[in-house]
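Here are my notes on the model you sent over, as a few numbered points. I've kept to what can be checked on screen.

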Amino acid sequence: MAQLTSFPLQDRIRVFAADNTSMNTQLLVEALGRDGQFHMAAPAVKECEVLPAVKRERVHVALISARQGGDSRAGFTLSREIRSGCPGTRVIMLLDSSERTQVIEAFRAGARGVFCRTESLKLLAKSIKCVHDGQIWANSSELHFLLEAMSEPVPMTFVSANGDALLSARELDVVRCVAEGLSNREIAQRLTLREHTVKNYLFRIFDKLGVSSRVEVVLYALGNQGGNGKEEAVAKKENVAAAAGSRPDPAVRLMKR
């Protein structure tokens with residue numbers, strides 16, 4: 001990775017890394033540490049030290065490998081713990097391959113991006129910057145996996161921390177259409193509504209869920225299908241073509257192979 005002009009410490013992105021082995025973690029910390037826009041937090045020695053370290057260092061972006069040592073799923077548990085205990089920290093899940101099950105599980109665990117370790121370190125630096133800026137890092141195939149998962153016949157649940165329903169029945173109808181990638185006009189036609197009414201429904205849905213884009217509604221619903229409807233979405237950006245079926249949008253950064 002090329003050396004960049006060093007940023008003042010207070011302006012650097014605070015990054016924490018927990019790769020699949022201690023050696024790989026150290027190599028990752030050293031490599032990213034040469035990039036002047038990052039401040040690399042000291043890595044945790046044990047898995048149980050990850051969450052305290054993320055809290056202590058007030059980390060902006062955490063790079064968490066899905067595999068931790070000999071456990072191929074431990075990273076997903078860590079991501080959920082970070083999502084719950086450090087809502088201001090955004091997780092990028094490091095995957096050995098962009099396999100459908102792992103991609104979906106990563107977003108269900110609260111990750112705001114997935115990164116296949118076969119990609120370049122330069123691209124990893126770019127993904128950190130994008131996720132820190134509130135974007136979602138995924139390529140077109142990975143987004144397709146998410147939309148396919150949303151179209152499967154699994155009940156959507158949107159509940160508050162008290163277990164109260166957040167959305168009305170009509171709003172749920174709109175969310176299901178969004179998950180299918182329908183445009184506002186197509187949603188209006190399917191639900192026999194005016195297009196302006198659909199827009200109003202979307203504004204209310206965004207407000208209730210604490211999000212600001214169609215793709216975040218999809219990710220919120222996907223996370224709730226994973227069994228925890230009490231956690232809120234964090235990142236806020238604009239609409240995404242993959243979920244909206246409309247114009248391209250910077251809220252999802254598509255990696256080009």
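1. First, a word on terms: a residue is called buried when its relative accessible area is under 20%, and exposed when that figure is over 50%. With that cut-off, 49% of the 257 residues in the chain come out as buried. Keep in mind as you read that this is a predicted model.

2. On the overall make-up, the chain holds 11 helices and seven strands. If you take the contacts between residues at least 6 apart in sequence, 67% of them join residues at least 24 apart.

3. Let's start with helix α1, residues 22-33. The 12 residues of α1 reach 16 Å from the first C-alpha to the last, close to the 16 Å expected at 1.5 Å a residue. Which residues of α1 are buried? They are T25, L28, V29, A31 and L32. These residues cover an arc of only 170° around the axis, so they sit on the same side of α1.

4. The α1 and α5 pair is worth a look of its own. Helix α5 spans residues 121-132, and its axis comes within 11 Å of the α1 axis, with the two crossing at roughly 75°. Angles of 65 to 115 degrees count as roughly perpendicular, which means α1 is roughly perpendicular to α5. At the contact, L28, A31 and L32 from α1 meet L121, L124 and I128 from α5. Sorted by class, that contact has six nonpolar residues, with no polar and no charged ones.

5. Helix α2 (residues 50-57) has V50, L51, A53 and V54 buried. Their arc around the axis is only 165°, so they too lie on the same side of their helix. The partners they pack against are β1, β3 and α3.

6. R58 follows α2 and lies in the loop between α2 and β3. Its phi is near 50°, a positive value in a residue other than glycine. Is R58 buried or exposed? Its relative accessible area is 62%, so R58 is exposed. T192 has a phi near 55°, again positive in a residue other than glycine. That residue lies in the loop between α8 (184-191) and α9 (195-209). At 70% relative accessibility, T192 counts as exposed.

7. Last, have a look at R83, which belongs to helix α3 (residues 74-85). Its relative accessible area is 16%, so this arginine is buried. Along the chain, R83 and G110 are 27 residues apart, yet their C-alpha atoms are separated by 5.9 Å.

Conventions
Residues numbered from 1 in each chain as written. Predicted model: local features only at pLDDT ≥ 70, side-chain atom pairs only at ≥ 80, totals over all residues. Heavy atoms only, no water. Axes fitted to C-alpha atoms, helices over the stretch in contact; angles between N-to-C directions. Helix = DSSP H or I, 4+ residues; strand = E, 2+ residues; numbered from the N terminus. Parallel < 35°, antiparallel > 145°, perpendicular 65-115°, else oblique. Contact = heavy atoms within 4.5 Å. Nonpolar A, V, L, I, M, F, W, Y, C, P; charged D, E, K, R; others polar. Expected span 1.5 Å × (residues − 1). Buried < 20%, exposed > 50% of the residue type's maximum accessible area, 1.4 Å probe, protein only. Arc of directions from axis to C-beta.
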